[in-house]
Amino acid sequence: MTGDSEQHIIIVGGGMTGGLLGVLLAEAGLRVTVLDGAPEPVMPSGAAQLRVSTLTEASYWLLRNSGVWDQLDLSRVQPYGAMQVWDQDGTGEVTFTAEEAGTDTLGWLLENGHLTAALYQRAQALASLDWRCGASVESARRNDSGWDVMCGGERLHADLLVGADGARSQVRDWAGISGGASDSGHHALVATIGTALPHQGCARQVFMESGPLALLPLYSDPTQGEQRQCSIVWSGWPERIRELQQYDAGRFAVELQAAVADVLGEVTLLSERAVFPIQPRHASQYVAPALALVGDAAHVIHPLAGQGVNLGLLDAAVLAEEVLRAVDTGLGCADRHALARYQRRRRGENLVMQNAMRGFQQLFEQRALPLRWLRNTGMKLVDQAGPVKGFFANRALGRSADLPQRARPPQR
């Protein structure tokens with residue numbers, strides 16, 4: 001790295017996106033401070049955490065190439081080699097397999113807290129990365145040379161300030177950037193279930209009139225048996241989701257089995273049921289002078305395709321790539337052209353995915369018979385058409401022409 005190592009980058013938010021960005025920048029020798037309002041991340045043990053994520057091939061290589069994958073407890077990581085998607089109100093169905101996509105695995109399931117803890121462990125080995133937990137940021141003010149950030153009564157100077165502080169981003173507000181919030185009309189219920197039949201490493205999703213329901217395969221819990229534990233994400237109209245949350249465990253299991261046509265046999269509720277509103281948003285800008293937004297601070301999409309965390313990790317990788325390129329050529333870490341390239345590379349990609357998720361949601365909510373026939377016929381055609389199916393599989397794997405270098409397999 002030939003740039004000025006005294007330049008200081010502050011990342012507000014130390015979750016999965018902010019943590020990865022800090023690691024990627026500090027690996028190259030840049031001085032980075034992560035101000036994380038949450039407690040110190042710890043590796044999970046015991047029962048599975050409620051919030052889980054699916055990782056694409058691109059995310060996998062990002063974690064492998066940055067040394068984060070080696071910090072994971074692989075006994076709590078579940079690869080999946082197949083996907084099954086169907087319409088509850090018809091005969092349309094699409095299946096994808098790793099073999100068809102020319103790969104060993106379509107993706108990986110792991111707990112959000114697990115990945116954050118692995119990032120934190122990796123950060124401890126990087127001398128130029130200061131990850132501060134329980135750090136509450138009070139304010140940030142722009143000045144001629146960057147940003148002054150107040151945290152716990154201490155004034156810190158940032159040559160570049162990054163907002164990785166979630167959907168209700170304070171950094172975005174301090175920069176005067178519109179958050180572009182909207183209401184999907186859906187809430188989501190998440191829970192962990194046990195199943196009578198093994199999930200066989202297959203991620204499943206059924207589209208219903210009220211919203212999509214995903215069955216995501218989890219690692220094998222010895223108390224449940226081999227491959228008999230799944231995470232569910234049930235999205236739907238708020239009144240329907242509240243109803244499901246209020247049922248007793250037995251009634252909830254009956255409703256769940258009926259919704260998925262007993263695809264995994266009898267199910268058992270293993271956890272509490274958490275509910276949250278789905279509120280997509282897309283910031284009007286990803287950048288401002290000496291400032292950038294990544295992850296949920298920049299965009300939030302419907303969880304029906306499980307792409308949210310992957311988009312955030314790619315934001316982090318692209319921003320790091322552009323910042324490091326600028327520093328390598330003697331420019332500052334907040335070079336406006338580098339930030340503009342980051343926005344150009346990511347904002348359009350994220351908007352396409354967000355609009356696609358909105359379109360899927362609206363399509364499957366339609367009850368008119370011609371539209372029901374059209375979507376079922378379309379799903380059958382996709383399942384039978386190799387090139388079209390391959391296109392969707394590549395999108396699900398996170399493959400694109402503009403992947404950052406760290407999200408690609410090592411060159412042989």
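Keep in mind that this is a predicted model. Start by selecting residues 112–123, which is helix α3. Its twelve residues span 17 Å from the first C-alpha to the last, close to the 16 Å expected at 1.5 Å a residue.

Ten of the twelve residues of α3 are buried, so the helix is largely enclosed by the rest of the structure. Show side chains for the buried ones, including His114, Leu115, Leu119, Tyr120 and Arg122. What's doing the covering? Pick out α1 (16–27), β3 (52–55), α2 (57–65), β7 (107–111) and β8 (129–133), which are among the elements over those buried residues.

The crossing is right-handed. For the contact itself, show Leu20, Leu21, Leu24 and Leu25 among the α1 residues, and Leu313, Ala316, Ala320 and Val323 among those of α7.

Next stop: the open sheet β9-β10-β11, three strands with antiparallel pairing. Color β9 (137–143) and β11 (154–158) first: these are the edge strands, each with a single partner, so one side of each has no neighbour in the sheet. Neighbouring strands here are turned by 20 degrees against each other on average, ignoring direction.

Finish on β10, residues 146–151, which pairs with β11 over five antiparallel bridges. Zoom in on Val149 and you'll find its bridge partner in β11, Leu156.

Definitions and conventions. Residues are numbered from 1 along each chain as its sequence is written. This is a predicted model: local features need pLDDT of at least 70, side-chain atom pairs count only at pLDDT 80 or more; totals for chains, interfaces and linings use all residues. Side-chain values use heavy atoms; hydrogens and water are left out. Two strands pair if DSSP finds at least two bridges between them. Helices (H or I, at least four residues) and strands (E, at least two) are DSSP runs, numbered from the N terminus. Axes are lines fitted to C-alpha atoms, for helices over the stretch in contact, and angles run from 0 to 180 degrees between N-to-C directions. The expected span of a helix is 1.5 Å times one less than its number of residues. Buried means under 20% relative accessible area, exposed over 50%, partly exposed in between (1.4 Å probe, protein chains only). Contact means heavy atoms within 4.5 Å. A crossing is left-handed if the near helix is turned anticlockwise from the far one by less than a right angle, and right-handed if clockwise.
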